[in-house]
Each structure stands twice: as structure tokens, then as C-alpha cells.
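Biologist: Before we discuss any details, could you put the model on the screen, so that I can ask what stands behind the words we use for it?

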Amino acid sequence: MQTRSAKAFFKKNTMIIALVVVILFFYWRTGGTILLPQNVNNLFSQNAYVFVLGTGMLLCILTGGNIDLSVGSVVCFTGGIGAVMLDRDMNWLLTVIVMLAVGLAIGMFQGFWIAYVSVPPFIATLAGMYAFRGLSNVVLQGYSIGVDNTTFLNVFGGGADCYIPDFIGKVGNLNMTCMIAGIIIAVLFVVLNIKTWITRKVKGYTNDSMTSELAKVAVMAILILYITWKLAQFKGIPTVVIWILAVLLIYNYISQKTAIGRYLYAVGGNRKATELSGVNTKRVFFIAYSNMGLLAGLAGILTLARMVQGNPTFGLGYEMDAIAACFIGGASAYGGIGAVPGTVIGAVLLGVINQGMSIMGVSTNYQSVVKGLVLLIAVLFDVVSKKKE
Amino acid sequence: MAKIILEMKNITKTFPGVKALDNVNFQVEEGEIHALVGENGAGKSTLMNVLSGIYPYGTYEGDIVYEGEVCKFHKIKDSESKGIVIIHQELALVPEMTIGENMYLGNEIGRKSAIDWDKTYSEADKYLKMVGLTESSKTKVKEIGTGKQQLVEIAKALSKHARLLILDEPTSSLNEEDSKALLDLMLGFKKQGMTMIIITHKLNEVAYVSDKITVVRDGSTIETLDCHGAEQISEDRIIKGMVGREMTNRFPKRENVAIGDVMMEVSNWTVQHPKYTERNVVNDVSMYVRKGEVVGIYGLMGAGRTELAMSIFGQSYGTLLSGTLKLDGKEVRLKKTPLDAIKHKIAYVTEDRKGNGLVLSQSIRVNTTLANLGGVSKNTVLDTDAEYAAAEEYRKKLNTKTPSVEQLVGNLSGGNQQKVLLAKWMFAEPDVLILDEPTRGIDVGAKYEIYCIINDLAKAGKSVIMISSELPEVIGMSDRIYIMNASRIVGEMKAEEATQENIMSMILASGRGD
């Protein structure tokens, strides 16, 4: 029994364990540099787009392993539009709304062909990938355009002041706003989880054992505290983290707690059965791809702010990072299986590997090789463990 | 006594945590047709997989003695080289390839560097003739029907010079006519000296073809019955062996059900095939069902039963050319979507539970509520507690065997999957339930439970339409029976008047002019 539950624990948490091993490996190889406050900070700032795009991509993948190849180009295109608008001194809020609207419109355009005309998603979005890359060049006329609107930069995590101001002040070397926020989040997390666990227990539903529940909650709480502690030692909470958190929480909620979330899983699991259950499956596809466009717009905003400029080469390969994060995070290539927390783990794993190797001075060529291998191994793990069942 | 061609001695096969076969002994004589019967999961297929080398030598205990020598098969090719060929339940043909390509897939004729297509096709044609197919072997598999595809599988087996042929539920997807043709073909092979083992659930087929019957239950062989012995082997006798108890009544009685007013009525219902618009899959059908009534629709496969049901269910199949639908006396025009049918309290429980019914990668809870998420949510936000409670309620009501409602549906047995599918549609709270082959492919015990559920539904005042191609089931369960043939309803009778003979003769009289 003991060994069986241990096995089940490993199986359920394979990617988390893999993540821990990878972090320990780089901690050892970089002499601890990888966990310096600034590097923890960069892990989130540099990879913001992977979290945002990965979340949107997950919804597409859930519908049946369908991907959206156009997101990299859409990030570049919306970024280009934003750069041009800000360059002409337009209102930053208006710019943001236009960028999101353009992203959504592109998503709806592609979603229309995919959902209602049955164009294969791969092809519809491959077309988009070419088209919007080209249009980015048209909008920017081949140049990069700098952004000097400081409000825009501050809100979306670019430039020098891309941190939540410290209202309380420093105690020692710690940014207290950040630290207190971390403590509040950790406590909330613990309370909410234990509360659900108790309700489930009281109502007699199947539940994890108390030890594994407590272990899970404790590990997560410590992790939250650890990350905020690291961030507090640097400059506090990067604004971009707020955006990432908002996206993750909202989409985790949508996918787990709402009817449309349920339909995404059901369509990917068995489209015909879902249709005969009275679900408008075309609409489900349309929503998944429209939403992907919207989030690509948001990623465009975050990228524009972080880079402090729009450039026709931005967003190259972003779609692949997002896709990889989903699959590393346990999404099924056939659809119907996957979750937001998994994608987060996938994104962090990719980020850590990137950063660790950069610190170690591995050339980008080999970084690419390693990333590819990690993706293959992660999916192999999944396939092999399924086969054993 | 003919000589024993195959003897499996003391076979034990364990999977992690389960003993699938426990000390099984099984003998087959040369030139006989030997039926292997038993409930789902009894171990029939496992035994045949051991025999054919799918589970290689060393992963099981015991001996396989074939033609006097002990065999150690390490892979399927080993057993095939001895002339033992297995035809699996699920057809293993590639639809986009020709019959000939399929038959020699993995055994290509010719040199390593080049396939000899002329020889392939001429050889293939030869074997096709032997199974009575007139199609050219250059025809693509997708262009022929399931019945013929099953024959192609047999031709493929013959091309491997089979002397012991194992057929795993060969007729499960065939209509009655094709089934009969296949069984007759088996009898023909027997005359030529071929030995065959057939696994099947259809006891009438067992009686028709087999010389001996071996009953498997819970991983052990219970008994072997000789069909040519002094004792007449009845179906009840076989069932007794399969379930380990006497089944005095295969169909539970429905008592004190008040049959009320007409709940649903369709008139002059004509439906066009979705692709071949010159064909009407349902032709001028009129029928009705009352509250608390169970109406059976009997017909051979392809008679238009499923098409009729699905066209009523929000035109989820075909295009409605003409016809009216009345619910509770009022004419309604449903939009062309299942959702509208569900809103009007019609449920269609599909015959294809894995393909069209269930999301196998999701839990029982998720499947139970899928057709009625509104019942467990507020403003499209799900109430997981309510959902869990609903799934639990139906698990108890239908006696679904599972550790918890969080179990993935894909891990359940056929009978339990069928219960989840029924639960899903009962949770949608319909007034009219159309059950399409509700007991297909599930074992005798689970069938009985499904019948009880149908009775409960009728008792609760629901109108039940049960489509089935098993005559005893239709006669045993229905209050009234419609008989369908070639897209039309060709007869209607009360259950008391119905016998297998008069229903079949009604179908034969109507001809098969399509």
C-alpha cells in the first residue's frame, strides 16, 4: 500500500518533481546564481508571454489537440499597432483597448474559418502566421519604433519603474509591500484549500488523504512565500506578475468552474457525443480561437512594454514556446486533457532551463537542442505512463 | 472420436492485481466449430490472446499443445506460421487502402525492394472468391459495407493458410442477414476440414453453428457442452453456466403501470440521407408513444431505426423532407439542433456509447451532467457540489459499479458505461426517452439491470422508445412493437400477440425493396 501510494504520488506530480530536480541541477551548476533575487524576478518578467499565450493555447489544445500557429505574428502585429499609436502620442488606454480589440478580431477571424467553415486549425493559423508577420512589417514600415509613454510602460511592466511601488517601506533589505502581499496570498491559499477539503470530507465526497492534502498545501504555501521573499529582496512585485496572475486565475476558474470550460474538455474528449448532448460545438471552437486572439493581444501589450519598442521581428517562435509549455504541462495532444496549473509548470520549466543555461554560458544553439529534448522527454513520460495503465 | 488438435493445459495468466485466467483447460477437436461463451470480462479474449501469442510465452503459466507438440509462441507471426489465425472483434482494416493491400498488409508478396502487385491482387481475388465476395480486390475497403469487410478479414485469414481460425465476436457489428451469411460460410469451411473457435454473445448463433460449447466464467472454464449429445442444449442452460445461477426470467415484469395519453407522435415523417439526397432513409413513418408506455422498434440493421430516432432528436441525422411532430398533443417544429430537442424534453440514448455517447477521458461526474449543465450551475458557473451530488444520486439509483464518481468513464466495463450514459439522459429529465440498442455488447447480468431501469422509467410516467435488433428483448420488454424495414414501418402489434415468427414473417412479406 505504501509503495503504491508513493507511486501514485510520483505519477500525479511527475512534472513538479522534474521541475524541482531541474532547479536543483542549475542551482548546483551555477553555484546558486539561478536563485538570486534578480534571476527569480527575470524568470517571470522575461517569460510573461509564455504564461499568457500558453493559457490561451491550452484552451485550443483542449478542443482536440488543435494549436494556433499565428500567435507569434499576432503579438508582433498588435505590438506594432501599439507602437505606432503611442508614437503619435495617442492616449495609452485607447491604445491598449485597440490592441486588445485587434487581437480579438484576428482571433474571431481565424475562429470563424475553423469553427464554421471547418478549415483545419493548423492551416487557418499557418495562414495567419504568414499574413500578420507581413502586416507587422507594413505597420512598422520595417523599422523599430520606440515607446516613451511612461504610464503605459509602468502599468505593463516595461522600463525602469515596472514594479509595484513600496507603500510601506523597506525593513532590512526587504520590500515589505511585496512580502505582506505574499503572506496574504499564502494564507488565503491555505485557508481556501483546507476549507474545500473539509467541505468535501463532511459531505462524504472522495478526497485526497489528509497528509497528502496538507503536504500539497504546505509546499505551495512555502513556494509562494519563497518567491515573494526573493522578489522582496530585489525591487518588489513586478507589475507584469500581476497581469500573469490575473490571467492564470481567471482562466483556471473558467476552465474548471464554468460551463464553457466544461465544454472545451468535452469537445476534445468526444466531439460527437458533446454535440448530441445539446452543445453547440462550433461555438466552442470559435470561442477558443477568439480568446486566443485576445490573449495574443495582451501578450503583444506586455511584449511592447518589456521591449520598450515595437519591432517587426518580435514574437518569432512565441507560438512554439506556448505550445511546448502546454504539452510539457501534461496537456494531451489529442485534446480533452490538460489544465492551467500544468501549463504554468511547463512554462516555468522552460524558463528555468533557458535561464540556467544562459547563466552557464551555453550557446543559444544548444539551448534550443535541450529545449527540444525536454519537450520530447516530457511527452514520452506521458505516453509511457499511459501505456502502462 | 476425432483427434484433439489443440489442448490448452492449466493456463494461468495474471495482470497486475488481477488473475485473468485461473488454471484454464480447454480442448478443441479437429474439424469442429467450438463456441466460447461467457460474460464480458470472463476471460475469453485473454485466453485467445494467449493462444495466438499476443501474450508471449513466458508471460503466462501452463502449456499450449497444438497438433501434439508444445508450442511457445513469442509473437503473432509464430502462431500464424502454424496456421492459427485470430480475427479480432474490431475490424483491423485501413479504409483508404484497397482490399488487396489490406489482405497482405505486413505479409507483402514480392521482393523486399518491390511489391509484386499483380500477384498480390490475383492471390487476393482467389481468396475473396472463397468467402463468396464478388468485389475486385482493387476496391477500396471504405467502399464496401461492414458485412463485406468482415468477410475480407476472413479472406485475409485464409491467405495466411489458416487451419485453426479464431473469430472474436465476428457478427457483433453485422445485421442479421450478413450474420447468417457469415455463419453459413463457417459451416462451409467446416465441411472442408477447417477447425474454428468462435467467441460470441449471441446464443442463437452458438446453437446454429457450434459442435461444442465451452463456458468461461471468472477466468475459469466451467463446463464444455456437447451440442450433439443426448441432452438438448437450451439457451437458458447456457446462460445458467455463464452467470452461475438459474435465470428464470430474463425480462423483469412491469407491474401496475398506468399507460396514459399520447406523449409524442410523428406523422408522415420522411428523412433524406445527408449525402445521397436521392435516398430516403426514413420514408413516410407515422408512430406514437404514450405516457408510461414502452414501445419497441424492431428492424434489421439498416432498416432506418437509428435514422428515425436521430431525425426526431433535433434532426441530428439527415434532412427532414416532410412530417409533423406532436408533443403532448401540440405540434412543434424543432430547430435543427439537439439542444432544441432536449429543451422539449426528448432524449436520445445512442447505440454507439463510445463514439457518440460518452466522453471516455472524463469522469462519471462530468459525463452525467453534460446534457444538462444548467441543472448544476448558476449563470453558467458550475456548482461542483451539486454536480457531485447528482452523479452520486444516479450512481446509487442505477447501481453503477465504480469506486467513485470521479472514475474515468473509459475505465468502466461496457455495462457500467451504459449505465452512465442512461444516467446522463435521465439527469436531463426528459419526458420521452429513445433508447437505441440499450443492451448491445453488455453481459447478461447488466442487461437485466438495464431492463429494470427501463421499467422504472415507465413507472415514473416517462415514454420509452426502445430500438433493438434482438427479438426476444423487444418482445419481452415492450408494450407495443413497431416493425421497421427498408425505411418504412411495416407493421405494429401488441406485445401479447408478438412472436419471433410473426415478426420475421412480417419483415419478409414486406420485401427488401430499397
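Biologist: In what order do the 6 strands of the open sheet that contains β6 of chain B follow one another?

Modeller: This is a predicted model, and in it the order is β6-β7-β8-β3-β9-β10 in chain B, with mixed pairing.

Biologist: What makes β6 and β10 of chain B the edge strands of that sheet?

Modeller: Each of the two, β6 (84-87) and β10 (220-226) of chain B, pairs on one side only. Across the sheet, neighbouring strands are turned by 20° against each other on average, with direction ignored.

Biologist: How do you know that strand β7 and strand β8 of chain B are paired?

Modeller: Pairing requires at least two bridges, and 5 bridges join β7 (residues 164-168) to β8 (residues 195-199) of chain B, which run parallel. As an example of residues that face each other, B:Leu165 stands opposite B:Met196 in β8(B).

Biologist: In what sense do β21 and β22 of chain B pair, parallel or antiparallel?

Modeller: Strand β21 (residues 480-485) of chain B and β22(B) pair in the antiparallel sense, over 6 bridges; the bridge partner of B:Ile481 in β22(B) is B:Met493.

Biologist: How many residues of α15 of chain B are on the side of domain 2 that touches domain 3?

Modeller: The domain assignment gives chain B domain 1 (4-243), domain 2 (249-345 + 431-514) and domain 3 (354-429), and the centres of domain 2 and domain 3 of chain B, taken over C-alpha atoms, are 25 Å apart. Their contact takes 11 residues from domain 2 and 10 residues from domain 3 of chain B. Helix α15 (residues 444-459) of chain B gives 4 residues to the domain 2 side, which is the largest share. That side divides into 7 nonpolar, 1 polar and 3 charged residues.

Biologist: Why is α5 of chain A called oblique to α15 of chain A?

Modeller: The axes of helix α5 (residues 71-87) and helix α15 (residues 318-328) of chain A come within 6 Å and cross at roughly 130°. An angle over 145 degrees would count as roughly antiparallel and one from 65 to 115 as roughly perpendicular, so α5(A) is oblique to α15(A). In the contact, A:Val71, A:Gly72 and A:Val75 in α5(A) meet A:Tyr318, A:Glu319 and A:Ala322 in α15(A), and the residues divide into 4 nonpolar, 1 polar and 1 charged.

Biologist: What span is expected for helix α6 of chain A at 1.5 Å a residue?

Modeller: Helix α6 (residues 92-116) of chain A has 25 residues, and its reach of 35 Å from the first C-alpha to the last is close to the expected 36 Å. After α6(A) comes A:Ser118, whose phi is positive, near 60°.

Notes
Residues numbered from 1 in each chain as written. Chains lettered and ligands numbered in written order. Predicted model: local features only at pLDDT ≥ 70, side-chain atom pairs only at ≥ 80, totals over all residues. Domains from an automatic or database assignment. Contact = placed C-beta atoms within 7 Å. Nonpolar A, V, L, I, M, F, W, Y, C, P; charged D, E, K, R; others polar. Axes fitted to C-alpha atoms, helices over the stretch in contact; angles between N-to-C directions. Parallel < 35°, antiparallel > 145°, perpendicular 65-115°, else oblique. Expected span 1.5 Å × (residues − 1).
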